[in-house]
Amino acid sequence: MVDLTAPELYINKELSLLEFNWRVLEQARSGATPLLERLNFLCISCSNMDEFFEVRVAGLIQRAELASEPPEEPDALPTQEVLARISQRAHELVAEQYRVFNEVLLPQLAAESIRFIRRAKWSAAQRSWLQRYFRDELLPMLSPLGLDPSHPFPRLLNKSLNFIVPLSGKDAFGRDIHMAVLQAPRSLPRIVPLPPKETGSGPHDFVFLSSIIHAFAEELFQGVQVLGCYQFRVTRNSDMYLDEEEVDDLLQAVEGELTARNYGDAVRLEVANCPEDIAALLMQYFELSTDRLYRVNGPVNLSRAREVYDQINRPDLKFPVFTPSVAPALAAHPDDFFAAIREHDILLHHPYESFASIIELIHQAADDPQVVAIKQTLYRTGINSPIVEALLRAARAGKEVAVVVELLARFDEQANISLAHRLQEAGVQVVYGIVGYKTHAKMLLILRREDKKIGYYTHLGTGNYHSRTSRLYTDYGLLTHDRVMGEDVRRVFLQLTSLGQMTALSRVLQSPFTLHSTLIGKIDREIEYVKQGRAGRIVIKVNSVDEPQLIRALYRASMAGVKIILLVRGLCCLRPGVPGVSDNIEVRSVIGRFLEHSRIYWFANDGEDEIYAASADMMVRNMFRRVETAFPIVDPDLSARLKSDMELYLQDNTLTWILNTDGSYLHVLPAEGEPVVAVQSALLQQLAERVS
């Protein structure tokens, strides 16, 4: 008898997510990664930490304030203990980020004539040019605020670059002045390239904005002695809270919350070379304890170093360029994708196969006189999306266009509000989903009049309709003419737009209704096969795992003898390798050039494999608080291809990390004489062979 709810069987999700960021940082430490890509991974790990504090740590702090509340998570760690462990591990991570930047990457970049030049190393010509730059470009933009009873400490934007400047002397009105605060406008570049001809610099010499302001801060305070200049940055609670019972207009409610987000409660303070008394003053103002103070050895926003990546044309220091292919079935009908989809289902694997095919499909639908309606969900699309332009054109041409825009896509809220306004102005029917349930499903339905009936053309995907991220994220998308699948999607759209009752779907699984229970049912089915003496196997690829009921179902399957492999990129609360409980479960994490984003659920089903692609991870929010879809891959050829891809992931011995029972991860490396398998490179090679 095993209590599968025992807290020791679960890893804390916040600590697990923090370990994911260590794996990202490892890409910056690895000499196998091209040098500029290593800098990029370092910056990604820094921006990941920003969001971790803005959302995850902020939520824990709020929970800690409700000290009487019982632990909510299955690991049952007290909130204060979680915060203490996060503080220790996060301080270690930040220290390592700056060590890698200062001691590893800067020397290697300098050897390639890419330099971040610090103030102490400026030549006379560089200093002269930077002083002119300060006076011409920065000085007019900067507005320092002296602190006194009539000028209290200002409200500072979340994650803004700021300076606190101790002073000595009197101002123009004869008042003693002791301290000033300066906020660098967000419009200013954080990295300034030095012009070689005017400064005698190398081809790629850069200076941080913070260094320039520090060097010439005295020019902002005429007649007053500047005693120091110390940069700092405060990270604030950026999660949005909407009272579902009080929301009358979701659009207006979100717009109102966006401004407040910039000034939420402080959760972290970063300072650089700051004296103890100044740091104490800042912590007092922001009401932060010492465990939330992070002293850094360099610029307080290291992620801004990413700006140089696009400014440097050094292919030898970046990942090899590749051109995504057009799926052969679509390439055979370049002017009529509908004909290609009618012939057979098409499975796209991004970024190896071009997302531009989806954009082209929507453009063809907008221009095709036989198309009568287009329905689509938009979670993240990006600025100036070509998909939006096609939808606008379709609406102006008189087609029925209905779009579900998710206003609460985190950190894309403002872009989605602007998108909603544009679509509405063109006559598109825009809805915002269901209050309390994010619409996270990725669905496109095109209705086309054919032979006196309506033909259904459906796209279901695991990733967003976003042109930029489609080049960076691995995702699958299915194009099908299957009427049953199309009718399922039409019913989901009807539910979202009309607020009608849930109707039964034939093939598509949907959260928050059928997906969770169906997954548990399929896990239990594998258990029954093993009890009957047959083989049982489950392979699942997702971004995160934290849903307790699914974890317990997998534990039961492992105890019954079902072989389970989980490919989990990010956080995983399931604890593998526990004797008698999860010793038949292996958890692997793949971190590489592309962000592994696809969600695949594969059940062996006694030799009659069932495989689903989905928009949903194995998380509480995906199963119960979001509208999600999972769709079966029923075409035998496509199913075989997807299974082949999954098996390739399991063979990887280069990008893979194995989750240990204690929550740590071990990097998998090829044994002596073992062939090297890097799954993302192998998939790129398969792409080249497929189109050659």
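This is a predicted model: local features need pLDDT of at least 70, side-chain atom pairs count only at pLDDT 80 or more; totals for chains, interfaces and linings use all residues.
Residues are numbered from 1 along each chain as its sequence is written, and side-chain values use heavy atoms, with hydrogens and water left out.

Strands of a sheet pair through backbone hydrogen bonds, either parallel or antiparallel. Here, three strands sit in the order β1-β6-β5, making an open sheet with mixed pairing. (Strands are DSSP E runs of at least two residues, helices are H or I runs of at least four, and both are numbered from the N terminus; two strands pair if DSSP finds at least two bridges between them.) At the edges you'll find β1 (114-116) and β5 (191-193), each pairing on one side only. From one strand to the next, the twist averages 25°. Strand β6 (residues 204-208) runs parallel to β1, with three bridges between them, and F116 has F206 in β6 as its bridge partner. Across β1, β5 and β6 lies helix α4 (residues 124-138), at about 120° to β5. That angle is between N-to-C directions on a scale from 0 to 180 degrees, with axes fitted to C-alpha atoms, for helices over the stretch in contact.

Now jump along to β25 (residues 610-614). Four of its five residues are buried (under 20% relative accessible area, with a 1.4 Å probe and protein chains only), so the strand is largely enclosed by the rest of the structure.

The hairpin of β24 and β25 has six residues between the strands, and its N605 takes a positive phi near 55°. N605 also leads us to E526, whose side chain reaches the backbone nitrogen of N605 at 2.8 Å. E526 belongs to helix α15 (residues 515-531). Setting aside neighbours within four places in sequence, its contacts (heavy atoms within 4.5 Å) include F603, A604 and N605.

What is the nearest side chain of opposite charge to E526? That's R525, 4.4 Å away, and the buried E526 has no salt bridge, which would take a Lys or Arg side-chain nitrogen within 4 Å of a carboxyl oxygen of Asp or Glu.

Methods. Buried means under 20% relative accessible area, exposed over 50%, partly exposed in between (1.4 Å probe, protein chains only). Lys and Arg count as positive and Asp and Glu as negative; His and the chain ends are not counted. A polar contact is a pair of N or O atoms within 3.5 Å; within protein, one must be able to donate a hydrogen and the other to accept it, and residues adjacent in sequence count only if both atoms are side-chain atoms.
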